[in-house]
Amino acid sequence: MTTGTDRSQAVREARRVLRPGGLLIATMMPRYMRLISTVLEHGSAAFTTGTVDLILDEGRYDDPRPGRFTGGYLTRPDDVAPLFEEHGFRVRRLLVSQGILAWAQSEAAALAHRDPDAYQRLLDVAYRTASDPSIHGMSGHLLVVAERPEIQAE
């Protein structure tokens, strides 16, 4: 959903169908991980075609190749809570789904076999740091946990 109207409509609809007191768990994609992935995949063309600028300036990601992820909106982490709050949600948590281990997934998987205790402790650290705002922008996805309050002024 690349327009603000589309995003607002989606959040309004989620609030409409969620019972009072219910929790919404939604994902949103920050800009920077997709930007880096795009440059790594396309090289200089990501800059010359304007793709990097669209991601940075507008949060738009379009991939014309059939079957590829396209038409996505890439958010700024600071914009997530206000979007949900302006539509009547109380944001409980904003977490990364791929946090401090995002760039070391292969190495972490190898650690699981080599040293299971260290692997588990590293996962615990990743969980403990998942709500640290300093890493939100570099995550592949953000998880927003928001509540529709029991009683709300209309």
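Here are legends for a handful of close-up views of this predicted model.

A few ground rules come first. Residues are numbered from 1 along each chain as its sequence is written. Because the model is predicted, local features need pLDDT of at least 70 and side-chain atom pairs count only at pLDDT 80 or more, while totals for chains, interfaces and linings use all residues; side-chain values use heavy atoms, with hydrogens and water left out.

**View 1. The whole chain, before zooming in.**
The protein chain has seven helices and five strands, where helices (H or I, at least four residues) and strands (E, at least two) are DSSP runs, numbered from the N terminus. Reading along the sequence gives α-β-α-α-α-β-β-α-β-α-α-β. The C-alpha trace spans about 55 × 45 × 30 Å along its principal axes. Of the 154 residues, 36% count as buried, meaning under 20% relative accessible area, with exposed over 50% and partly exposed in between (1.4 Å probe, protein chains only). Take contacts (heavy atoms within 4.5 Å) between residues at least 6 apart in sequence: 76% of these join residues at least 24 apart.

Five strands make an open sheet in the order 2-3-1-5-4, with mixed pairing; two strands pair if DSSP finds at least two bridges between them. Strand 2 and strand 4 (90-96) sit at the edges with a single partner strand each, so one side of each has no neighbour in the sheet. Strand 1 (residues 23-30) and strand 3 run parallel, joined by two bridges, whereas strand 1 and strand 5 are antiparallel and share six bridges.

**View 2. Strand 3, covered on both faces.**
In a regular strand, side chains alternate between the two faces of the sheet. In strand 3 (residues 72-75), G72 and L74 are on one side and Y73 and T75 on the other, and all of them are buried. L74 stands opposite M29. Strand 2 (residues 60-61) runs antiparallel to strand 3 over two bridges, and Y73 is the bridge partner of R60.

**View 3. Strand 5 and its two partners.**
Five of the six residues of strand 5 are buried, so the strand is largely enclosed by the rest of the structure. Strand 5 (residues 142-147) pairs with strand 4 in the antiparallel sense over six bridges. Here R90 stands opposite E147, and V91 has A146 as its bridge partner.

**View 4. The nonpolar cores.**
A nonpolar core is a set of buried Ala, Val, Leu, Ile, Met, Phe, Trp, Tyr and Cys residues joined through side-chain atoms within 4.5 Å. The largest has 18 residues, and L24, V80, F84, F89 and V144 touch the most other members. Helix 1, strand 1, helix 5 (80-85), strand 4 and strand 5 each give two or more residues to this core. Apart from it lies another core of seven residues, including M29, L35, V52 and I55. Zoom in on V80: leaving out residues up to four places away in sequence, V80 touches M28, T75, L94, L142 and V144.

**View 5. A serine in helix 1.**
S8 is found in helix 1 (residues 4-17). Is S8 buried or exposed? S8 is buried, because its relative accessible area is 13%. Setting aside neighbours within four places in sequence, S8 is in contact with L83, E86 and H87.
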